[in-house]
Amino acid sequence: MKYDHQSIEIKWQRTWEESGTFHCDHHSDKPKYYVLEMFPYPSGNIHMGHVRNYSIGDVVARFKRMQGFNVLHPMGWDAFGLPAENAAIKHGTHPAKWTFSNIDNMRSQLRRLGYSYDWRRELATCTPEYYRWEQQFFLRFFEKGLVYRKQAPQNWCPKCHTVLANEQVIEGLCWRCDSAVEQKNLTQWFLRITDYAEELLADLDKLEAGWPERVVSMQRNWIGKSIGAEIVFPLENADSSITVFTTRQDTVFGATFMSLAPEHPLVEQLIDGKPEAPAVRAFVERIRNMDRIVRQSDDLEKEGVFTGAYCVNPFTGHRMPIWVANFVLAEYGTGAVMAVPAHDQRDFEFARKYDLPMQVVIQPEGDALDTAAMQAAWTEAGLLVNSGEFDGLPNDAAKQKIADSLEASGKGRRTVNYRLRDWNISRQRYWGAPIPVVYCDTCGVVAEKDENLPVLLPLEVRTHEDGRSPLPDTPEFADCICPKCGGKGRRETDTMDTFVESSWYFARYTSAGKNDGAFDPAALKYWMPVDQYIGGVEHAILHLLYSRFFVKALRDCGYMDLDEPFANLLTQGMVLKEGAKMSKSKGNVVDPTEMIARYGADTVRLFCLFAAPPERDFDWSDSGIEGSYRFIGRIWRLAEELSGVLMPVKACSATAADAATPQAKDLRNKEHATVRKAGADISDRFQFNTAIAAVMELVNALYLAKDELSGSEGGRRVLSSAVATALTLLSPITPHLSEELWEVIGNAGRITDEPWPQWSEEALARDEETIVVQINGKLRGRVSVPAGADAKAIEAAALSEPNVARHLEDVTVRKVVVIPGKLVNVVVG
Ligand SMILES: [Zn+2]
Ligand SMILES: [Zn+2]
């Protein structure tokens, strides 16, 4: 009997598929469990990172099924997007053709790994059956004002030929291609995610128990709530005023000048007719074209220009010169900053450079700051000085008092500011879901009618070499009828950000195939939220924040009754090669297909799970995969050797009566201890690696005991039970091997349908335990004592052991240390 993984694995994959083993339905009395891995982008081939991600998910799915849950475990394709379009242009084919052929290939790779998906629920986001519902959501959002159009400077990737959301700019670079992002003024569609800033932040508290701390804190920082105050500074000799947002209202008496963003709408009015006007205009023009990311960086050289205008500090009554400064951004706060050079480092540097006044208003306790001698701003705590009625207050308390005073005097109010910006979802690319909007000369911006959905993405187009969208030059698409007046209209030719598709796919799986609505309410209610979500930490903000927002927005549009999509999140580590991320350019890619051909899917799965705890990175190693392959061979040979001996029994079936000899008792004890450990390791933090190690020990014990136990009926029953247990515990990890040997042994039914084994206290309890006896740390003997014997009884047994007793004849016993269950150490001298 040869271990022919190829034919065994394909045989079982076919059997599961044909019998619908992993199909699930929401009409069930069992408790539900929804486990989901982040769906792949159909780039062409499955890589080792996918294999690890999906193997983790598959063990969880199979384990939960064995524990009696009704498990939903689906798979699909994040199928719109730029890479497909770029690859299609490069290969002279159509993005649709490219995408669907990649999907076919990757689907067969996933099937070859034996994952327990309900394939009936498969979806691809680039099909009208999927994106039509997204267009419907857009219409509901439009009605509610949750989506709107505005012109603003946008992040533009010159290489990708499209705008990017703030979340898609990583340290100034495009998240996809690493090009430096530029600014471009465009009119775009935005989702009002900022309306949900407070709820997105508050609900993170609910996720703390089930999400990695790191992801929760990254989202908190990204939302960036700051509590502070708005303060109104009247203009000198004018009716208007400048409003600032600050978290440091305690320093308002130290505000000696005002800094405006070059884009601030007041700038033109302030300089009108003044001699400073030309210099200010030139400065504004220059800074406007500068990169915003650069403008926010700490090492930016601070620059500014005086407008010639003044405002008045509402607390001190002093005149404050108004400057335009390069580091102030129009879209953060109000685009105006009250400059407090003594207590803010940027303002300090600016004031030093342009010789602007400084005023200390916070003194560190036991110290006296002198503006002339200061080398840097004092930004720590202290007591207020030069602050009128607030002098002597600790600055924290002063924040409250000054906020009270602002509200009482009408000079300002308490307010909250967020770092989070609205989500720009317009993309100037072809391969995406059309935005269902029409522009009409008579009616303006008109949303499509529900009955006209889906707005189909035309497939008959000629893509441009440079990546420009062909949609504006496709009259069949762009020219249309205005849904309101019936006159001539022009369709929106931007498409939606593909992150819109991935923000709700997890909910669609519950209702896959439904064609008269986005969701089946009963199925959605039954399955959601996702109980365990698994994916890479690179989505900590992007996809995970968007999905959380989307669920809340869909809830408010009446689609679902749910606040959060993912109850628990596991961010798995990477698979490295020689310490580096696998990449084609480094030439260190391990191809899963090749590994499966050589070792089989079970070995690849086993190695990915055994190499490290799931959240840690691990290094691919040839000796590691060989080791996993050998372990599988060891089980195979054991079953082969015992083929005439093993009985068709289930896990943990041998009884105390069968286990008559000490060896039989030990093996049965080991069997139950392994069940307890593996179950605990998997349930608790998914420690598959230690669970596998425990089963390896059980297999070692089987090898040691097999000859002895094969001789008696009771012994054979104990052996058979332990083999059945090892196979059952491994079945979520190496399902094909377990299924095959289950059949070979002659068991009825399939191991995939077996419940997770139950250990018993009785089997774990031992009649006797062995205690090691040492004298001054040296091993001198072993004694058997009744299990649970007290320290006194153990000590007596140890000292009377013949060899120990002989060593103690001519010496003085100083101390006896007893560790019950383990050892006795006698200290002599
Ligand atoms: Zn790019
Ligand atoms: Zn019209």
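Two strands pair if DSSP finds at least two bridges between them. Helices (H or I, at least four residues) and strands (E, at least two) are DSSP runs, numbered from the N terminus. The structure is a predicted model, in which local features need pLDDT of at least 70 and side-chain atom pairs count only at pLDDT 80 or more, while totals for chains, interfaces and linings use all residues. Residues are numbered from 1 along each chain as its sequence is written, chains are lettered from A and ligands numbered from 1 in the order in which they are written, and side-chain values use heavy atoms, with hydrogens and water left out.

**Figure 1. Overview of the chain, with 28 helices and 32 strands.** The C-alpha trace spans about 110 × 80 × 50 Å along its principal axes. Of the 829 residues, 56% count as buried. Buried means under 20% relative accessible area, exposed means over 50%, and partly exposed lies in between (1.4 Å probe, protein chains only).

**Figure 2. The parallel open sheet with strand order 2-1-24-25.** The sheet is formed by 4 strands. Strand 2 (70–72) and strand 25 (569–571) are the edge strands, each pairing on one side only. From one strand to the next, the twist averages 15°; such angles run from 0 to 180 degrees between N-to-C directions, and axes are lines fitted to C-alpha atoms, for helices over the stretch in contact. Strand 1 (residues 32–37) and strand 24 (residues 532–535) are joined by 3 bridges in the parallel sense. Leu 36 stands opposite Tyr 533 in strand 24.

**Figure 3. The site of the zinc ion (ligand 1), formed by four cysteine SG atoms.** Cys 157, Cys 160, Cys 174 and Cys 177 coordinate the zinc ion (ligand 1) through SG at 2.2 to 2.3 Å. Donors are N, O and S atoms within 2.8 Å of the metal (3.2 Å for Na, K and Ca); water is not among the atoms, so sites may look incomplete. The angles among the 4 donor atoms are 101 to 117°, and the site is tetrahedral. Four donors count as tetrahedral if all angles lie between 85 and 135 degrees. The ideal angle for four tetrahedral donors is 109.5 degrees. Along the chain, the donors of the zinc ion (ligand 1) follow the spacing C-x2-C-x13-C-x2-C. Cys 174 is buried, at a relative accessible area of 1%, whereas Cys 177 is partly exposed at 22%.

**Figure 4. The tetrahedral site of the zinc ion (ligand 2).** The protein donors are the SG atoms of Cys 440, Cys 443, Cys 482 and Cys 485, which lie 2.2 to 2.3 Å from the zinc ion (ligand 2). The angles among these 4 donor atoms are 107 to 112°. In sequence, the spacing of the donor residues is C-x2-C-x38-C-x2-C. Distant parts of the chain are linked by a pair 42 residues apart: Cys 440 in strand 19 (residues 437–440) and Cys 482 in the loop between strand 21 (479–481) and strand 22 (488–491). Cys 440 has a relative accessible area of 7% and is therefore buried. Cys 482 is buried as well, at 2%.

**Figure 5. Strand 22 and its antiparallel partners, strand 19 and strand 21.** Strand 19 is joined to strand 22 by 3 bridges, and Cys 440 stands opposite Gly 489 in strand 22. Strand 21 is likewise joined to strand 22 by 3 bridges, with Ile 481 opposite Lys 488. Strand 21 and strand 22 form a hairpin with 6 residues between them, and Gly 486 in the turn has a positive phi of about 80°. In a regular strand the side chains alternate between the two faces of the sheet. The covered face of strand 22 holds Gly 489 and Arg 491, and the uncovered face holds Lys 488 and Arg 490.

**Figure 6. The crossing of helix 23 and helix 24, with the loop residue Pro 732.** The axes of helix 23 (residues 688–709) and helix 24 (residues 713–730) come within 10 Å and cross at roughly 160°. The two helices are therefore roughly antiparallel to each other, a term for angles over 145 degrees. Their crossing is left-handed: the near helix is turned anticlockwise from the far one by less than a right angle. Pro 732 lies in the loop between helix 24 and helix 25 (735–745). Pro 732 is buried, with a relative accessible area of 1%. Pro 732 and Ile 751 are 19 residues apart in sequence, and their C-alpha atoms are 9.7 Å apart in space.

**Figure 7. Arg 814 in strand 31 (residues 813–819).** Arg 814 has a relative accessible area of 61% and is therefore exposed. Arg 814 and Val 826 are 12 residues apart in sequence, with a C-alpha to C-alpha distance of 7.7 Å.

How values were computed:
Four donors count as tetrahedral if all angles lie between 85 and 135 degrees; four count as square planar and six as octahedral if opposite donors are over 155 degrees apart and all others between 65 and 115; anything else is irregular. Angles under 35 degrees count as roughly parallel, over 145 as roughly antiparallel, 65 to 115 as roughly perpendicular and the rest as oblique.
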